[in-house]
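Open your viewer and get ready to select residues by number.

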Amino acid sequence: MFIESAKTIKVERLLYGLIITRYTCPTLVNLTGLRSPCNYKQKKKYIIIIIISFEKTTKRFLGWLIQMARRQTGSELGRFAPLILFFLGGLSCFMVYLCFFATYNSSFSESGGEGDKEIRCCRGIQQLELWGDAVKWGSQFKVNSSEDCCMACKDMCRGVDGHCPCNSWVFCGDKQVCGSRFGECWLKKQNDLLEPDRRDAGDAVMWTSGLVFGQGEGIVGLETEYGILRVKLLPESAPISVAYILELLALRQCPGCQFYRAESRGASWDSKGNHIAYAPFGPPYALIQGTLEADGTIFKEIPAEFCRSVTRGSVAWVGSGPDFFISLANHHEWKKSYTVFGSVLPEDMEIAEKIAHLPTKPEFWSNVKVAILQKTIPIRFQRVKTSHGNLKLNTNMDTDAKLS
């Protein structure tokens, strides 16, 4: 629809249309916030249409200008005709250059250029103090930032056996409030990572704290009637999101948590989640979607914690939650526009694929066709017994995990 409407674009809106193509490529948006940006082929077609429209309009204007110059050889128009022709020629070259630049830059960006490199995040929650046995005393260990403190803890978890002496950290980063304690980085050990020992939280707390899950740690189960989806949580990337999931884990029952939307990979992505060349980006959109809001509780919107790209197995919020989705494909076209807080273990993706092929009914959300499950699937949280090991996850992360 957007491409076809460009065929009748007016001369005075050509440049504006080009800018819109380059910077605000039209998107498909549903009611819950998921979107599928228009791809490179659509941009290219739109730009070509603009060039053709500009060329036709320019030819007509030049023809009219030449006729007027011939009729009025001695007039002001005749004397300035060469200058006008030179100006129009330069404008034409400039338009072609802009179109070429927009096409090339879009192609580079969507093919995974340097601007799309994965960022290694290491974050915590402000105004939170975690307790626990100290493995490195902050009074004798100071760093420049909370990220440095987080990385110091994470660096202690890189053993080949998966042993992680440090699984939590506490940092004081406010010069005025911390005083002489500014920069202190306390590396600690939690007895129960899925139920960390919180000493204090609130506006009066000067500390920033975070968790670090080593190999085989921080894995929770989403139990459904079709099997258990084991999810490795990513507190370094999305600490606030992980804290909320741990709250739900404590409830276990989580009434109201459920899957309600299911869309397979279709013919657009292969079994490994890679996009097939020239195939559309949906529908179907290769995901299963649900909500993680327990009945009787008041949900507080989760702030954006963008860090990781959406890949096969990624568990991410839709907007600020509580709706979420599990991706069945590598959605590089979405960039880092969703908060990814976990990743389903590879061997459990069969369960997600099974759910994606259950009977559905079509609906339209903001003119986008989606597939809604005919019967919702309740979700129940459970603890997963873990052990150290080496099983690779569906995520861009530094550590791997394995279950016993």
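Is cysteine 164 buried or exposed? Select cysteine 164 and look. This is a predicted model. In the model, cysteine 164 is buried, with a relative accessible area of 1%. That is under 20%, the cut-off for buried, so the label applies.

Cysteine 157 and cysteine 164 form a disulfide. Their sulfur atoms lie 1.8 Å apart. A pair of cysteine sulfur atoms within 2.5 Å counts as a disulfide, so this pair qualifies. Cysteine 157 is buried, with a relative accessible area of 1%.

What kind of link are you looking at? A disulfide is a covalent bond between the sulfur atoms of two cysteines.

Next, select cysteine 172 and cysteine 178. A disulfide joins cysteine 172 to cysteine 178, with an S to S distance of 1.8 Å. Turn the view and look along the S-S bond. Is this disulfide left-handed or right-handed? The torsion about the S-S bond is about -100 degrees, so the disulfide of cysteine 172 and cysteine 178 is left-handed. Check the surroundings too. Cysteine 172 is buried, at 0% relative accessibility. Cysteine 178 is buried as well, at 5% relative accessibility.

Move on to cysteine 254 and cysteine 257. Cysteine 254 and cysteine 257 form a disulfide, and 1.8 Å separates their sulfur atoms. Both cysteine 254 and cysteine 257 are buried.

Last stop: select every cysteine. How many disulfides are there by the distance rule? The count comes to seven disulfides.

Methods:
Residues numbered from 1 in each chain as written. Predicted model: local features only at pLDDT ≥ 70, side-chain atom pairs only at ≥ 80, totals over all residues. Heavy atoms only, no water. Buried < 20%, exposed > 50% of the residue type's maximum accessible area, 1.4 Å probe, protein only.
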